[in-house]
There are 2 protein chains.
Amino acid sequence: MTDLQGVGSPDLTSTDLYEKLNAQGEKVRTLKSEKAPKAEIDAAVQELLKFKVDYKTVTGQDYKAGCPPTNIIPNSNGPAVEDGDDQVDPWNVSTTSAKGVDYDKLIVRFGSSKIDQELIDRIGRITGQTPHRFLRRGVFFSHRDMQQVLDAYESKKSFFLYTGRGPSSEAMHVGHLIPFIFTKWLQDVFDVPLVIQLTDDEKYLWKDLTQEECYRFAVENAKDIIACGFDVNKTFIFSDLDYMGMSPSFYRNVVKIQKHVTFNQVKGIFGFTDSDCIGKISFPAIQAAPSFSSSFPQIFNDRKDLQCLIPCAIDQDPYFRMTRDVAPRISYPKPALMHSTFFPALQGAQTKMSASDPNSSIFLTDTPKQIKNKINKHAFSGGKDTIEEHRKYGGNPDVDVSFMYLTFFLEDDCQLQKIRQVNEHFILQFHQASVCGL
Amino acid sequence: MTDLQGVGSPDLTSTDLYEKLNAQGEKVRTLKSEKAPKAEIDAAVQELLKFKVDYKTVTGQDYKAGCPPTNIIPNSNGPAVEDGDDQVDPWNVSTTSAKGVDYDKLIVRFGSSKIDQELIDRIGRITGQTPHRFLRRGVFFSHRDMQQVLDAYESKKSFFLYTGRGPSSEAMHVGHLIPFIFTKWLQDVFDVPLVIQLTDDEKYLWKDLTQEECYRFAVENAKDIIACGFDVNKTFIFSDLDYMGMSPSFYRNVVKIQKHVTFNQVKGIFGFTDSDCIGKISFPAIQAAPSFSSSFPQIFNDRKDLQCLIPCAIDQDPYFRMTRDVAPRISYPKPALMHSTFFPALQGAQTKMSASDPNSSIFLTDTPKQIKNKINKHAFSGGKDTIEEHRKYGGNPDVDVSFMYLTFFLEDDCQLQKIRQVNEHFILQFHQASVCGL
């Protein structure tokens, strides 16, 4: 909660705040007309002023009675959100805690909902399948509107899945697989269509790469994504550099979104500055557009109202907070979301695995031998100072990277639990195994 | 010339200023090392500081020795340029002078070149045709790099034409025809391909219109444009809302341009603010892209180096100043330009004819009778207070709108000259004729 000068209502939408301001204004007028005690009027006015501060923070506009907010809410937390020492935005993820980002705090800060046991059980009930290990183990830990998706699904109203990847390197690493593995499971158990966006245009805009390189990475990455085993009849993978130039409907949605988002708003949400190129500034609309079924008339038979569910890592949430705010204003349904935690770097959960640092990552192109060497050489164990001490006192699975990787990839809960218990004493031995077989 | 705090060198490019700064820095160092008199060193330092101010104005960046300017020059005149009382930018044209905008001043301010008699004669010589009346009468009065286009043409290196229209209304007015009439003549005499962009996306972003309305206006306007009689085998007319979604090459060029222009720059050139939507902010790249032959691989057989010549009204120049600055940085040739004056509103040359004010405009859909009525009722004559006085003292063709229209549409120079002379005495009578037959 912000408590600078406002009431501290950053989780309220601009519309909520507008209504609160109207109500508070009405209250002040009533008190005045009833000649209430001055102290009471003053307190109400103070409250009104505080709401106005919040309103300005959230909308970037001054409150005017009779003029509802017309624009979207910048993330009240602003760009490059930091909480204690956690930083989580589409370009940076870091924390000082060896256990990784505090995800419970993130839920509060982002205003999303926890994926609790009840929701997990419901997914199991509806699909008739054991919930995926990523649900059982809190890898997908946060959501927006998932209950609504399930309500509709139970009334035979289907949905489609949308996920993506920014192709910044030829080889993907195991961390990149997390949303795809989970999305494949969702596609299997719900039997729904899926679109996968490869944002080669984004990578061209952000990185010192040519369009040809970014496009080639998109093609290479598509192969790894295809290898996850999606339903070939229900999956559409596209490069932005290709698809934008192949679909007037997609471009029309991009322009529609771009008309409804101001620079002030992307500044608030993504931290863009005046020195950023206009390509970056307008890009969020391109990542937003696949959230709407009308961007794919060839797949959805021109339907504009099909609900979208986006499984993604939580750092992508700013794009979809923006999307969800724009959606009702362009008469489209808001996409629902399921958020995953980050896949820890070999060096520890303080940062996520990053393709730009080869020593932090296990690539899909690495050989079993390379993987074994990387794990042995780089994987943080949080162990004791000497092998002898470590053998004697045991490891700490909460910070041990090898064990964390097992929580992502080892399906058998009992075996995982055993390893956890055994390795609280002897975790070192597992550093000497590789993750190749996982 | 600006003389606020800088040297007043707004017409210098960022690169020129960078070099001047390097030279001045060197001069200061030499003076110091030679232990020159303090006054002399101080003067040189003052000069250096002034150049730094200009550099910051032009580039939006601080000068750093060893770091050449990497970005484009915002128009040193900034947005919504005003000179005396003239305002000329893509969204506003106005002046307090009944004779219209001072175009000679505009040439100096925009840093373009005058289309002088020598250039007109050269065009006549090369094409073997009488130069178009728009050249003979100064309607197309300014250019960029036209000599270079002609040099290349004489060495058998061809070029292509690009012009366009923002379809903001169903009916075009006669003023809209000016660039098209001239472009048709250029196409005829040079026998070159032509692309015509209909910026329906721009109109959607700027106006309170739906995409469907803007697209429909584009289709309607295309009919009027086709009626100008372009070579059907050498002309490509496209709506942005369509073509962006049909040409990966076009989108790739748009993104390429968007990567090389910052918000600071479009702010400087177009006067955008933080409250503008991100669609507006990134749009200039879309108007820039047709300047490059690689945006139309289907027409130009994947050639990237074909020179472009853009005939347009001078208010569109900011888009192409930006384009010309970006071009060398993305390895494309700079487009050449020919600029026209504005077509005066019925009420007088203080503003251009505008479709949004029906009483200021003669539409292509108006009947001969409607046109006659509009001329008689609304056309500014600058005449005397009573018919009697006007008949006695004569009219002033320099401010008389009906006469101005004749300069645009009456081909015969002798007849025009006669009318001018006669009507310096009896111009009122011509108000009673209509322009239908023109």
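This is a predicted model: local features need pLDDT of at least 70, side-chain atom pairs count only at pLDDT 80 or more; totals for chains, interfaces and linings use all residues.
The β9-β10 pair of chain A belongs to an open sheet of seven strands, arranged in the order β4-β5-β10-β9-β6-β7-β8 with mixed pairing. Helix α9 (residues 211-226) of chain A lies across β6 (159-165), β7 (194-198) and β8 of chain A, and runs at about 160° to β8(A).

Three bridges connect β2(A) with strand β3 (residues 92-94) of chain A in an antiparallel arrangement, and A:D89 stands opposite A:N92 of β3(A). The hairpin that links β2(A) to β3(A) passes through two residues. In the other hairpin, two residues link β11(A) to β12(A). Strand β11 (residues 344-345) and strand β12 (residues 348-352) of chain A run antiparallel and are joined by two bridges, with A:P344 having A:K352 as its bridge partner in β12(A).

The loop between α15 (297-300) and β9 of chain A contains A:N301, and A:D302 is found in the loop between α15 and β9 of chain A as well. Although A:N301 is not a glycine, its phi is positive, at about 50°. A:D302, likewise a residue other than glycine, has a positive phi near 65°. The relative accessibility of A:N301 is 65%, and this residue therefore counts as exposed; A:D302, at 55% relative accessibility, also counts as exposed.

Taken as a whole, chain A has 21 helices and 12 strands. Of its 438 residues, 54% are buried. Among contacts in chain A with a separation of 6 or more, 74% are made by residues 24 or more positions apart. The accessible surface of chain A comes to about 18,900 Å², and carbon and sulfur atoms account for 51% of that area.

The same surface serves both copies, as 100% of the contact residues of chain B recur in chain A.

Chain B contains an open sheet of seven strands in the order β4-β5-β10-β9-β6-β7-β8, again with mixed pairing. Here β4 (113-114) and β8 (235-239) of chain B stand at the edges, and each has a single partner strand, so one side of each lacks a neighbour in the sheet. Strands β9(B) and β10(B) run parallel and are joined by five bridges; B:C312 stands opposite B:H339 in β10(B). Helix α7(B) packs on the sheet and touches β5, β6, β7 (194-198), β8, β9 and β10 of chain B, its direction making about 165° with that of β6(B).

In helix α6 (residues 146-154) of chain B, B:M146, B:V149 and B:L150 are buried. These residues cover an arc of only 95° around the axis, which puts them on the same side of α6(B). An α-helix has 3.6 residues a turn, so residues three or four places apart point the same way. The buried residues of α6(B) pack against α4 (117-127), β5 (140-144), β6 (159-165), α7 (174-190), β9 (307-313) and β10 (336-340) of chain B. After α6(B) comes B:K156, which has a positive phi near 65°. In helix α16 (residues 317-326) of chain B, 10 of the 10 residues are buried, so the helix is largely enclosed by the rest of the structure. Among these buried residues of α16(B) are B:Y319, B:F320, B:R321 and B:R324.

Conventions:
Residues are numbered from 1 along each chain as its sequence is written. Chains are lettered from A and ligands numbered from 1 in the order in which they are written. Side-chain values use heavy atoms; hydrogens and water are left out. Buried means under 20% relative accessible area, exposed over 50%, partly exposed in between (1.4 Å probe, protein chains only). Helices (H or I, at least four residues) and strands (E, at least two) are DSSP runs, numbered from the N terminus. The arc is that of the directions from the helix axis to the C-beta atoms. Contact means heavy atoms within 4.5 Å. Accessible areas come from the Shrake-Rupley method with a 1.4 Å probe; for residues, only the protein chains shown count as cover. Two strands pair if DSSP finds at least two bridges between them. Axes are lines fitted to C-alpha atoms, for helices over the stretch in contact, and angles run from 0 to 180 degrees between N-to-C directions.
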